[in-house]
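Here are my notes for your first look at this structure. Keep the viewer open and check each point as you read.

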Amino acid sequence: MRRAAPALLGLALLLALAGCAPRAQTASVFAMDTVMELTAYGDRACVDEAVSLIHALEARLSVTAEDSDIARLNRSGGGEAASDTAALLKRALELCKLTGGALDVTVYPLVRAWGFTTGEYRVPEDALLAELITKVDYAAVQLDGRTVRLPEGALLDLGAVAKGWAADRITELWRGAGVKSGLINLGGNVQALGGKPDGSAWRVGIRDPFSEDILGAVSVRDAAVVTSGGYQRYFEQDGVRYCHIIDPETGRPADSGLTSVTVIGAEGVLCDGLSTALYVMGREEAVRLWRENEGFDLVLVTEDGEVIITEGIEGSFTPMGDYADKEIKVMRRG
Ligand code: ADP
Ligand code: MG
């Protein structure tokens with residue numbers, strides 16, 4: 001009997017602690033063409049508000065919904081944007097510049113010509129692509145406060161950055177509400193708030209572009225892990241695969257030798273914009289951009305199955321499955 005006392009005391013203590021720890025609140029949402037999973041350790045209201053936020057952002061940013069902010073701006077060649085649409089556009093234009101136009105928020109005429117918005121896929125004629133390319137130029141978009149002006153024929157598409165932006169806004173909302181631990185899973189965009197409730201890091205799996213498995217996991221706290229890949233959305237015609245990421249320079253689906261790009265960093269919208277852009281730019285340019293900038297790390301997978309990571313995640317990335325005994329190249333700044 002006496003021996004059991006410390007054990008019972010321990011158990012009671014554990015139960016008391018468990019009582020204090022916030023419970024996991026979860027929600028599943030289908031929005032932005034993606035199955036989304038939210039987990040926050042806090043009040044139910046935090047998750048409910050995040051769901052409302054996602055729907056509100058989608059209603060404003062969707063390029064296809066007729067009454068969205070973006071559709072309205074596209075119809076009228078500009079106008080007054082809602083303040084958060086303007087804030088996202090401002091950040092997105094900075095990222096277009098940073099990537100030398102590999103990310104281009106005016107790529108929509110091309111995206112539409114390939115049928116990626118409607119699902120009515122087709123390979124456009126060269127002449128049409130040549131004409132549409134002349135409409136694509138983020139540098140010609142004028143943004144003055146909330147006032148947007150688009151040149152003739154230009155159409156905005158914030159699809160490459162919307163999920164990263166949404167995850168940043170949810171993170172902000174949860175931080176403000178005192179949430180210490182949460183995970184926002186928006187398909188290819190995963191964003192962690194804090195670590196797990198037990199204090200350990202979140203482990204985020206990165207899909208193997210060649211199978212249904214994961215190629216590895218990265219341990220993160222307060223970071224986004226965003227993957228863009230040619231295997232995510234594409235169509236095939238006459239044995240050729242056409243992916244939904246367009247190279248604004250050629251007007252055609254990106255074909256840079258990379259099959260997946262994962263960007264890890266504190267800012268979701270940066271990681272989202274870069275994952276799309278670096279997929280267009282290819283390995284050499286991606287590594288160059290990484291060397292010249294701070295705030296993110298990379299996991300690149302080439303079409304030949306080579307895996308390249310940057311030194312910042314050397315200690316937190318664990319290759320798995322087929323990749324566990326493969327050579328992983330580590331890029332260094334020096
Ligand atoms: P996903 O939305 O599938 O996670 P991305 O973040 O890579 O993938 O964004 C791809 C979307 O961005 C496309 O569906 C298209 O609407 C748009 N897009 C395609 N190519 C570009 C580009 N070069 N620059 C900006 N946006 C692009
Ligand atoms: Mg993106």
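1. Start with Ser62. Leaving aside neighbours within four places in sequence, Ser62 is in contact with Ser68, Ile70 and Ala71 (contact means heavy atoms within 4.5 Å). Ser62 sits in the loop between helix 2 (44–61) and helix 3 (69–76). Helices here are DSSP runs of H or I with at least four residues, strands are runs of E with at least two, and both are numbered from the N terminus. The side chain of Ser62 reaches the backbone nitrogen of Ala65 at 3.0 Å. Ser62 counts as buried because its relative accessibility is 16%. Buried means under 20% relative accessible area, exposed means over 50%, and partly exposed lies in between (1.4 Å probe, protein chains only).

2. A word on the source. This is a predicted model: local features need pLDDT of at least 70, side-chain atom pairs count only at pLDDT 80 or more, and totals for chains, interfaces and linings use all residues. Residues are numbered from 1 along each chain as its sequence is written, chains are lettered from A and ligands numbered from 1 in the order in which they are written, and side-chain values use heavy atoms, with hydrogens and water left out.

3. Next, the domains. The protein chain is divided into domain 1 (24–59 + 162–331) and domain 2 (65–159); the bounds come from an automatic or database domain assignment. Their centres, taken over C-alpha atoms, are 23 Å apart. The contact takes 29 residues from domain 1 and 28 residues from domain 2.

4. Now the nonpolar cores. A core is a set of buried Ala, Val, Leu, Ile, Met, Phe, Trp, Tyr and Cys residues joined through side-chain atoms within 4.5 Å. The largest one has 86 residues; Leu38, Val105, Leu156, Leu158, Trp174 and Leu278 touch the most other members. Helix 8 (residues 268–281) gives this core its largest share, 9 residues. Both domain 1 and domain 2 supply at least three residues each. Apart from it lies another core of 21 residues, including Val220 and Phe317. In soluble globular proteins, nonpolar side chains tend to be buried together.

5. Which residues come nearest to ligand 1? Of the 17 residues around it, they are Asp157, Ser228, His244, Ile246 and Thr276 (around means a heavy atom within 4 Å). An N or O atom in the side chain of Asp157 is 2.6 Å from an oxygen atom of ligand 1. For the side chain of Arg233, the distance to a ligand oxygen is 3.2 Å. Asp104 uses a backbone N or O atom, 3.0 Å from a nitrogen atom of ligand 1. Taken alone, ligand 1 exposes 570 Å², and the protein buries 93% of that (Shrake-Rupley method, 1.4 Å probe).

6. Is Glu80 buried or partly exposed? Glu80 counts as partly exposed, because its relative accessibility is 42%. Glu80 belongs to strand 3 (residues 78–80). A polar contact of 2.6 Å joins the side chains of Glu80 and Thr147. Such a contact is a pair of N or O atoms within 3.5 Å; within protein, one must be able to donate a hydrogen and the other to accept it, and residues adjacent in sequence count only if both atoms are side-chain atoms.

7. Last, Leu132 in helix 6 (residues 126–133). Leu132 is buried, because its relative accessibility is 14%. Not counting residues up to four places away in sequence, Leu132 touches Pro109, Leu110 and Ala113.
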